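This report describes one protein chain, going from its overall layout to single residues. Please keep the sequence and the 3D view at hand while reading.

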Amino acid sequence: MTDPQYADEIITSGQADLVFIGRELLREPYWALKAQHTLGIEPEWPIQYGYAVKRRAK
């Protein structure tokens with residue numbers, strides 16, 4: 001599963017309760033954050049990254 005819209009469509013339509021993205025996460029560790037951005041959701045950074053992200057946004 002590499003396309004965030006397709007994964008979201010599968011879950012929201014009720015075709016599946018779960019989609020596996022393990023291989024894509026190995027390839028792209030920030031896939032979940034990029035998927036949130038693609039779907040128009042404000043990415044929720046892990047607390048540990050918060051300080052660096054806030055500094056970079058200024």
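The model is a predicted one.

**Overall figures**

The protein has 58 residues, of which 19% count as buried. Among the contacts with a separation of 6 or more, 26% are between residues 24 or more positions apart.

Helix 1 covers residues 4-13, and its buried residues are Pro4, Ala7 and Ile10. Where do these buried residues lie when helix 1 is seen down its axis? They fall within an arc of 130°, so they line one face of the helix. The cover over the buried residues of helix 1 includes helix 3, residues 31-38.

Helix 3 has buried residues of its own, namely Trp31, Leu33 and Ala35. These pack against helix 1 and helix 2.

Each of these two helices is followed by a glycine with a positive phi. After helix 1 comes Gly14, with phi near 85°. After helix 3 comes Gly40, with phi near 80°.

Glu24 is part of helix 2, which spans residues 22-27. Is Glu24 buried or exposed? Its relative accessible area is 12%, and buried means under 20%, so Glu24 counts as buried. Leaving aside residues up to four places away in sequence, Glu24 touches Met1, Thr2 and Trp31. Trp31 is also one of the buried residues of helix 3.

How many salt bridges does the protein have? The count comes to two. One joins the side chains of Arg27 and Glu24. These two residues are three apart in helix 2, which means that about one helical turn separates them. Arg27 is exposed, with a relative accessible area of 58%, whereas Glu24 is buried at 12%. The other salt bridge is formed by Glu28 and Lys34. Glu28 is partly exposed, at 22% relative accessibility, and Lys34 is partly exposed too, at 47%.

| Salt bridge | N to O distance |
|---|---|
| Arg27 and Glu24 | 2.5 Å |
| Glu28 and Lys34 | 3.4 Å |

**A nonpolar patch on the surface**

Which residues form a nonpolar patch on the surface? They are Tyr30, Trp45 and Tyr49, and together they have about 290 Å² of accessible area. Trp45 sits in the loop between helix 3 and helix 4, the latter being residues 50-57. With a relative accessibility of 33%, Trp45 counts as partly exposed. A residue needs over 30% relative accessible area to be part of a patch, so Trp45, at 33%, passes that cut-off.

**Summary**

Methods:
Residues numbered from 1 in each chain as written. Predicted model: local features only at pLDDT ≥ 70, side-chain atom pairs only at ≥ 80, totals over all residues. Heavy atoms only, no water. Helix = DSSP H or I, 4+ residues; strand = E, 2+ residues; numbered from the N terminus. Buried < 20%, exposed > 50% of the residue type's maximum accessible area, 1.4 Å probe, protein only. Contact = heavy atoms within 4.5 Å. Arc of directions from axis to C-beta. Salt bridge = Lys/Arg side-chain N within 4 Å of Asp/Glu carboxyl O. Patch = residues over 30% accessible without salt bridge, like charges linked within 9 Å, V, L, I, M, F, W, Y side chains within 5 Å. Areas by Shrake-Rupley, 256 points an atom, 1.4 Å probe, with all protein chains shown as cover.
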